[in-house]
Amino acid sequence: MIFEPELETLPREQLRDLQADRLRALIGYVRERVPLYRERLADVEAGDIASIDDLAGLPFTRKDDLRDTYPFGMLAVPREELVRIHASSGTTGKLTVVGYTAADLDLFARVNARSLAAAGGKPGMLLHNAYGYGLFTGGLGLHYGGERLGLAVVPVSGGLTERQLMLIEDFRPDVIACTPSYALTLAQAFRERAVAPDELSLRYALLGAEPWTEAMRSEIDAGLGVVSTNIYGLSEVIGPGVSCECMEERAGLHVNEDQFLPEVVDPDSGEPLPEGEEGVLVFTTLTKEALPLVRYWTGDIASLSSLPCACGRTLVRMSRIKGRADDMLIIRGVNVYPTQVEATLLELSELTPNYRIVVSRTGTLDHAEVEVEVSETFLREAGTDSLSDELAHVHELRGRAENRLRDRIGCSLQVTFAAPGMLPRSEGGKLERVIDRRAAEVNA
Ligand code: ADP
Ligand code: ZN
């Protein structure tokens, strides 16, 4: 079902006109209200914006702009008009703080209701919401989106896996929302307790907040007996609900571009890239009141496609996020994203989606080692718990995994195996896939 058909299926010409009108209003709004934009957009008049193509001439806004004006310096409304504050942890230092007016929260609920509807949710269903509640936008975002669509929301939050399993068995929810890594944790926990996927009531899963792959999707769909869709967002733009797949195609995430105008630009030059080419996603919020952003540089790598979709939505689709530009490892000159490693490992049935990449540096050379858990079946068929490389089958599997990684990615990564259950699992939130020892070694 489509939650707001009048906007989600608007003919693209009309959509472009709506975006241009909103963009003109936005430029006037931020120049009047936000000191940073008053200065940076001093030469731009709202009247200069004839179409959304004129965005390309404007400067980017970056995470550092939010950090430099911490906590409330980018707000376009007096602090008293805020009704909610969220913050994202980022990787280092201060939080990135975002604020919402009542109208912003209404928008936040609507785009999450759109996402839940696109993912299979319908009024009357029960939503098990295992996204973290708190400063993180995921929990409350899906919470209000669920209520808006007319679902009964169980605000479980992340963590306490035993209790999650019990609530899923007892309440019999139709829909689950959480990170893909946590969905996998839950699927594995059910399997360990010999609860089969078809005994579970779950039908749909809305998963996001971290990069994942099609191979991972197959594992989760099979493990929980669900049809899972990918939902994307970031706190600065609003939180979850910036874009979401539809269950009809599950191929690309429809961007709520009547509200958040996407661009894809070259990571080095910042020049806009043609449709279909991969680059950094940039968003301009068209209607937000408290924290409007012009050309916000997300660092996330994806491409756009406006091909028609079976669901009837006309909203442009973005590809799965390959990773953040920051997550890209440069191994002996080759660019490597953890999602590429994940997709390759999961082509081998002996390996599981429980993996991590440990990066270190010798001199100026980066060295990456992939640790991955083997499947229980592999161990059982081998007839031993040992993963010693002296065993022929272990040696053979390692060779196969390393060759495949070299073929797919173009550089050699060393593979080591762990027994099932030995590597860290998601305990509710985003799972850190890369352990970077380089910074520590430089300081040592
Ligand atoms: P933090 O920066 O602390 O992680 P956010 O919760 O705002 O804070 O995270 C937003 C980021 O999470 C996005 O910029 C993107 O890198 C990642 N992300 C969110 N949803 C997805 C998704 N479906 N696929 C891949 N990455 C995602
Ligand atoms: Zn669609």
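In which helix do Arg400 and Glu396 both lie, and how many residues apart? Both are in helix H12 (residues 392-409), four residues apart, about one turn of the helix. Helices here are DSSP runs of H or I with at least four residues, strands are runs of E with at least two, and both are numbered from the N terminus.

This is a predicted model, in which local features need pLDDT of at least 70 and side-chain atom pairs count only at pLDDT 80 or more, while totals for chains, interfaces and linings use all residues. Residues are numbered from 1 along each chain as its sequence is written, and side-chain values use heavy atoms, with hydrogens and water left out.

**Salt bridges**

The structure holds 31 salt bridges, a salt bridge being a side-chain nitrogen of Lys or Arg within 4 Å of a carboxyl oxygen of Asp or Glu. Three of them are listed here.

| Pair | N to O distance |
|---|---|
| Arg400 and Glu396 | 2.7 Å |
| Arg313 and Glu8 | 3.1 Å |
| Arg114 and Glu8 | 3.9 Å |

Glu8 counts as buried because its relative accessibility is 2%; buried means under 20% relative accessible area, exposed over 50%, and partly exposed in between (1.4 Å probe, protein chains only). Arg114 is also buried, at 2%.

The bridge between Arg313 and Glu8 likewise links distant parts of the chain, with Arg313 in the loop between strand S13 (304-305) and strand S14 (317-318), 305 residues from Glu8. Arg313 is buried, at 4% relative accessibility. Glu8, Arg114 and Arg313 belong to a network of salt bridges that also includes Glu4, Arg110 and Asp258.

In helix H12, Arg400 is partly exposed, with a relative accessible area of 28%, and Glu396 is partly exposed at 42%.

**Surface patches**

Patches are made of residues with over 30% relative accessible area and no salt bridge; like charges are joined within 9 Å, and nonpolar side chains (Val, Leu, Ile, Met, Phe, Trp, Tyr) within 5 Å. Accessible areas come from the Shrake-Rupley method with a 1.4 Å probe.

Tyr70, Leu95 and Leu135 make a nonpolar patch of about 260 Å². Tyr70 sits in the loop between helix H4 (63-68) and strand S1 (84-88) and is partly exposed, at 36%.

Glu169, Asp170, Asp198 and Glu199 form a negative patch. Asp198 lies in the loop between helix H8 (180-192) and strand S6 (204-208) and counts as exposed, at 70%.

How values were computed. Chains are lettered from A and ligands numbered from 1 in the order in which they are written. Lys and Arg count as positive and Asp and Glu as negative; His and the chain ends are not counted. The place of a charge is taken as NZ of Lys, CZ of Arg, CG of Asp or CD of Glu.
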